[in-house]
Amino acid sequence: MFIRHIANTPLKKELIWLLHENRIVDTCHGLANWMNRRESDVRAAVEELVNAGLLQRIGEGEDAIYQYAPSPELAPIVEKFVTSYASARSILSDYLSELQSTIEEIQRAGLREIKLERSKLKSIIQSMPIGVVVVDISGEVVLLNSAAINLLGLRLTDDATMHVAQALTHESLKPMVEAIERVLGEGKLIISREIRREDGSYLNVIVAPVYGAEEVQLGAVAILRDVTELKQLDQLRMDFILSLSHDIRSPLTAIKGFASSLLRGTFGEINRDQSRAVELILHQSDRISEMIERLVGAAKSLPTSLSLRIETIDVRDVANECIAAYLGAAMDKGISLKSLLPSEPVLVDADREALTRMLSNLIDNAIKYTMQGGEVTVKVHQAGDFAVLEVSDTGVGISPEDIPKIFLPFSRAGRERTGTSSMGLGLAIAKRLAEAHGGTITVESQLGKGSTFTITLPRVKHTAQKPHMSA
């Protein structure tokens, strides 16, 4: 009956035990602080215990104080209850202590497994010949393998813990830091950057986001490769094409000459079937000559040493000219060609023809690799001391494995998906022209969703027209 009608809630049981054991005399506010409970709940409980004859109230209102004062008939019952309640509390405390110990042991075992798996993963990444840099969502470096340390020329250990901007302080590594911070800020991007080191070698850096459960971004990973040899092979390939073309021309000229002589009857009369065969030889020889000329023209179109006619140019004017030139091609393909240009001039010191060629190549590519109903956007804006030209499309995109090759001469990455044909030189030419102006060209792409190519050039901060000069 006592438990059913008087100690009938956990709060009342706790109050009876507390007041019996400690002989507390306090207000409801004080009791609430002792028990870490809401004052309103404590007040309701103590009033019920007063009415039941278990507590005594002295005073009224919020200043009233309460003390343990059971009626004579309740005192023995309360003593038995308190003894039983204290025993139950002790048993529960022991159980909770044992449970806590079990939980801690499970956690320690789990941490050992996690550490073991991390150790395995770290060993695998350390043995990789490519550089790997992993940062968390705040930008702190959490993994840096030996290859990355060597490629970046860092004086760090593989367990260095610092922000990526503090780890990569050399000026040449700034594009890599900016790419990592961009991916951390925006996610769902794959950014490629090329870094030229002080010793003249080149690194390709690809930065991608890292996701965990439920598509929550955990950080970013940067993959580094030394592409110096690729650049050297690229030059060798062009030299080979020019040499081979030269060597083929002489015997081909002889073949065409003898075939023409046969048709003229220089070596005697030939019948109709023989004449057709010789005409076929001449036709195929002409085709080979055309192919050689295309190869030579393509190789020569790649700028190696440049003579640029520099003048101060408003990038908006070049953008408008290029957009006007490609409006017809875009309309024929059912593509929307848009522009986003600022109201203020964006001035650069550049060769107008070279700048037009760069932007035209990007727009032409964007239209080629965008399907009917898609969109190509040309955007011009300023970013600090730089002028930025962006050409974005909603086309087929570029796969991560193709991104490092996209600016190499004769690269045809992604062309099999659209059936387009070209020599694969447009982006290589644009890259060399951008670098000749002290600028860069980069790409961000998602396969199946489109690409954004960005030209960045040093900006002129004054408006006075500069005289022409050679570079």
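The model is predicted. The chain has 471 residues, of which 41% count as buried, and it contains 13 helices and 16 strands.

**Whole chain**
- Of the contacts between residues at least 6 apart in sequence, 60% join residues at least 24 apart.

- In soluble globular proteins, nonpolar side chains tend to be buried together.
- The largest nonpolar core here has 41 residues; Leu337, Val348, Leu355, Leu359, Ile363, Val378 and Val391 are the members that touch the most others.
- At least two residues of this core come from each of α11 (315-332), β11 (347-351), α12 (352-368), β12 (375-383), β13 (386-393), α13 (426-436), β14 (440-446) and β15 (450-458).
- Helix α12 gives the largest share, 8 residues.
- Leaving aside residues up to four places away in sequence, Leu359 touches Val318, Ala319, Cys322, Val378, Leu389, Val391 and Ile455.
- Another core, of 28 residues, lies apart from this one and includes Trp17, Val42, Tyr66 and Phe81.

**Three-stranded sheet**
- An open sheet is formed by 3 strands in the order β1-β3-β2, with antiparallel pairing.
- Its edge strands, β1 (26-27) and β2 (55-58), each pair on one side only.
- Strand β3 (residues 65-68) is joined to β1 by 2 bridges, and the two run antiparallel.
- Thr27 stands opposite Ile65 of β3.

**Helix α3**
- Helix α3 spans residues 28-35, and its buried residues include Cys28, Gly30, Leu31, Ala32 and Met35.
- An α-helix has 3.6 residues a turn, so residues three or four places apart point the same way.
- The cover over the buried residues of α3 includes helices α2 (10-22) and α4 (39-51) along with strands β1 and β3.

**Surface patch**
- Phe240, Leu244, Ile248 and Ile288 make up a nonpolar patch on the surface, with about 340 Å² of accessible area together.
- Helix α9 (residues 228-264) supplies the largest share of the patch, 3 residues.
- Leu244 lies in helix α9.
- Leu244 has a relative accessible area of 36%, so it counts as partly exposed; patch residues must have over 30%.

Note on methods. Residues numbered from 1 in each chain as written. Predicted model: local features only at pLDDT ≥ 70, side-chain atom pairs only at ≥ 80, totals over all residues. Heavy atoms only, no water. Patch = residues over 30% accessible without salt bridge, like charges linked within 9 Å, V, L, I, M, F, W, Y side chains within 5 Å. Areas by Shrake-Rupley, 256 points an atom, 1.4 Å probe, with all protein chains shown as cover. Salt bridge = Lys/Arg side-chain N within 4 Å of Asp/Glu carboxyl O. Helix = DSSP H or I, 4+ residues; strand = E, 2+ residues; numbered from the N terminus. Buried < 20%, exposed > 50% of the residue type's maximum accessible area, 1.4 Å probe, protein only. Pairing = 2+ DSSP bridges. Contact = heavy atoms within 4.5 Å. Core = buried A, V, L, I, M, F, W, Y, C linked by side-chain atoms within 4.5 Å.
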